[in-house]
Amino acid sequence: MGNEMNRRDFLKTGIGIAAAALLPKALLGAVPGKDAGPVVAVARGNKAKLVGGALDLLGGMGRFVKPGDKVCIKPNFSFAANSECGATTSAEITRQVVQLCLAAGAARVVLFDYPIQEAALCIERSGMNSALVDKEKVSLLALSKERQFADTTIPSGKELKSARVAKVVLESDKFINLPTAKSHSATGVSLGMKGLMGLIWDRGALHQMNLHQAIADLASLVKPDLTIIDATRALTSGGPGGPGKTVALDMVIAGTDPVAVDSYAVGITQWYNKSFAGKSVKHIVAAAEMGLGEIDTAKMDIKQATV
């Protein structure tokens, strides 16, 4: 892998999490230079083919997952809500992502979230167990204990200077963020970057500061190798837990630029019966101002397919 160092290698060096502030932030994210340009892949149509259709537009899952990789996937199953309401990631879309990772040669896939409500109910009602297509290689983890998180500093943080981040992410070779598209009472929408709050132990602390900047700060630390937004249906009001108005869109949106993916996704439907753009959402704006990605859809390379 040349000079590349993945998250697991980083921990093996013994450098220590606290020293992360002294190291390039790319150590905790995608390898720079491999994914130049804000390409956003959009697949519409047959729900059973959406993830593959979107990933084909990006060059296939094999571009991101290599044989032997330990892949960490974070769908949203934080709420004990009926999957069809859109508060949680579709188990069917999650299963497709898992299958593509295994087909690319992943040695192990860990599905995880840090549920807000009772974990067993969240898993049951989201149907997430159905994504365990290979029980020897795929596991499902609902974080619940502080020891499952590790202290990290956030070198570029303006509001959020440090956080206890899920070890399962830090110890993985590849991290795929798999949120659902939904509204949120505090941030307007909850897409990729907002969903990263499920990686930290004390997410409530973010609500005691400038939440929007804090979300961007967290995004400056943890950069998914790939973001895949489940927009098969969007919870356009009543989020994040629902119930609310749910709109069927039959879409999946994917890319490596977390700002571009989120900004594009804001425009796919109306939220609270109003149209918005990425530039209307404070945490997306904050992330763009930190140089974390492209917010202007006119400057994105939007690739689309019907499957």
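Reader: What is the accessible surface of the chain, and what share of that surface belongs to carbon and sulfur atoms?

Author: The accessible surface comes to about 12100 Å², and 50% of it belongs to carbon and sulfur atoms. Accessible areas come from the Shrake-Rupley method with a 1.4 Å probe; for residues, only the protein chains shown count as cover. This is a predicted model, in which local features need pLDDT of at least 70 and side-chain atom pairs count only at pLDDT 80 or more, while totals for chains, interfaces and linings use all residues. Residues are numbered from 1 along each chain as its sequence is written, and side-chain values use heavy atoms, with hydrogens and water left out.

Reader: What makes Val-51 buried?

Author: Buried means under 20% relative accessible area, exposed over 50%, and partly exposed in between (1.4 Å probe, protein chains only). Val-51 has a relative accessible area of 0%, so Val-51 is buried. Of the 307 residues of the chain, 55% count as buried.

Reader: Where is Val-51, and which residues does Val-51 touch?

Author: Val-51 lies in helix H2 (residues 50–57). Helices (H or I, at least four residues) and strands (E, at least two) are DSSP runs, numbered from the N terminus; the chain has nine helices and 12 strands. Leaving out residues up to four places away in sequence, Val-51 touches Ile-93, Gln-96, Val-97, Leu-100 and Val-252, where contact means heavy atoms within 4.5 Å.

Reader: Why are H2 and H3 called oblique to each other?

Author: The axes of H2 and helix H3 (residues 91–103) are 8 Å apart, at an angle of about 50°. Angles under 35 degrees count as roughly parallel, over 145 as roughly antiparallel, 65 to 115 as roughly perpendicular and the rest as oblique. H2 and H3 are therefore oblique. Leu-50, Val-51 and Gly-52 of H2 meet Ile-93, Gln-96, Val-97 and Leu-100 of H3.

Reader: Why is H7 called oblique to H9?

Author: The axes of helix H7 (residues 211–221) and helix H9 (residues 282–289) cross at roughly 45° and come within 8 Å. That makes H7 oblique to H9. The contact involves His-212, Gln-213, Ile-215 and Ala-216 of H7, with Lys-282, His-283, Ala-286 and Ala-287 of H9.

Reader: How many nonpolar, polar and charged residues does the contact of H7 with H9 have?

Author: The contact of H7 with H9 has four nonpolar, three polar and one charged residues. Here Ala, Val, Leu, Ile, Met, Phe, Trp, Tyr, Cys and Pro count as nonpolar, Asp, Glu, Lys and Arg as charged, and the others, Gly among them, as polar.

Definitions and conventions:
Axes are lines fitted to C-alpha atoms, for helices over the stretch in contact, and angles run from 0 to 180 degrees between N-to-C directions.
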